Amino acid sequence: MRRADRLFLIIHALRGRRTALPARNLAETLGVSLRTVYRDVADLQLSGVPIEGEAGVGYVLRKGADIPPLMFTADELESLVVGTRFVRAFAGDKLAAGAQAALLKIEAVLPPELRERAARTRIYAPVWRDRGKADFAARIDSLHAAIEARHVLRMDYSDEAGNASTREIEPLCLAFWGGKWTLGAWCRLREGFRNFRPDRIVLCTASGECFDDRPGRNLDAYLQAVGGSYSGLE
């Protein structure tokens with residue numbers, strides 16, 4: 001995370017709070033050390049941001065430094081909290097971090113009663129990362145990055161029956177089915193759209209080539225071809 005982003009998130013985390021926020025909580029949320037939090041808060045104080053408190057006690061923004069609260073209903077806020085928990089549990093680490101940072105900004109400017117409602121929601125998606133889960137999260141991140149950059153991928157793939165093949169694909173989108181992910185792509189071997197299970201990818205590397213957004217084999221054409229059913233799973 002860039003330092004500028006950290007400073008922005010620290011200010012948002014402190015806005016609207018009535019009690020001091022411990023530095024350790026900030027460090028855990030931002031994924032940095034306590035020393036980094038102490039240094040960032042000191043820099044913000046020197047630059048004129050009205051932060052009060054000290055290391056070992058916690059920090060608050062001086063009264064009058066708040067901004068108007070966002071106008072979310074309780075149900076809207078609960079949906080955001082639950083959605084963030086599911087992203088953290090099932091998406092890659094990059095999306096999970098982004099969701100957590102977004103929720104921190106939202107909660108920071110909420111009135112106390114809505115912030116308490118967010119904390120009370122009883123729908124959970126526990127985050128469990130053993131070695132296999134961590135590797136899979138990294139794979140989702142790499143596939144997502146390839147989609148964004150339009151990188152052609154070469155992969156060794158094993159279908160449901162255990163048949164192995166080597167493919168060259170143009171990745172278009174990821175879909176989560178409440179337990180399994182699929183990767184929608186244009187398969188150059190089959191010369192058509194196919195859906196691949198990331199957990200069946202044996203090896204995946206970028207070819208060094210980028211593909212163009214061509215009519216007939218781009219995301220719009222893929223979505224039209226699958227018709228919402230996502231058929232053609234390899």
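Which residues do ring pairs link into a cluster? In this predicted model, where local features need pLDDT of at least 70, side-chain atom pairs count only at pLDDT 80 or more, and totals for chains, interfaces and linings use all residues, the cluster consists of Phe 86, Phe 90, Phe 176 and Trp 181. Residues are numbered from 1 along each chain as its sequence is written, and side-chain values use heavy atoms, with hydrogens and water left out.

**Aromatic pairs**

The structure holds 6 aromatic pairs, a pair being rings of Phe, Tyr and Trp (its six-membered ring) whose centres lie within 6.5 Å, with planes under 30 degrees apart counted as stacked, over 60 as edge-to-face and the rest as tilted. The rings of Phe 176 and Trp 181 have centres 5.1 Å apart and planes at 50°, so this pair is tilted. The table lists relative accessible area, for which buried means under 20%, exposed over 50% and partly exposed in between (1.4 Å probe, protein chains only).

| Residue | Relative accessible area | Class |
|---|---|---|
| Phe 176 | 33% | partly exposed |
| Trp 181 | 12% | buried |

**Nonpolar cores**

A nonpolar core is a set of buried Ala, Val, Leu, Ile, Met, Phe, Trp, Tyr and Cys residues joined through side-chain atoms within 4.5 Å. The largest has 20 residues, of which Ile 10, Leu 14, Leu 44 and Ile 51 touch the most other members. Leaving aside neighbours within four places in sequence, Leu 14 is in contact (heavy atoms within 4.5 Å) with Leu 21, Ile 51, Tyr 59, Val 60 and Leu 61. Apart from this core lies another, of 12 residues, among them Met 155, Ile 169, Ala 185 and Ile 201.
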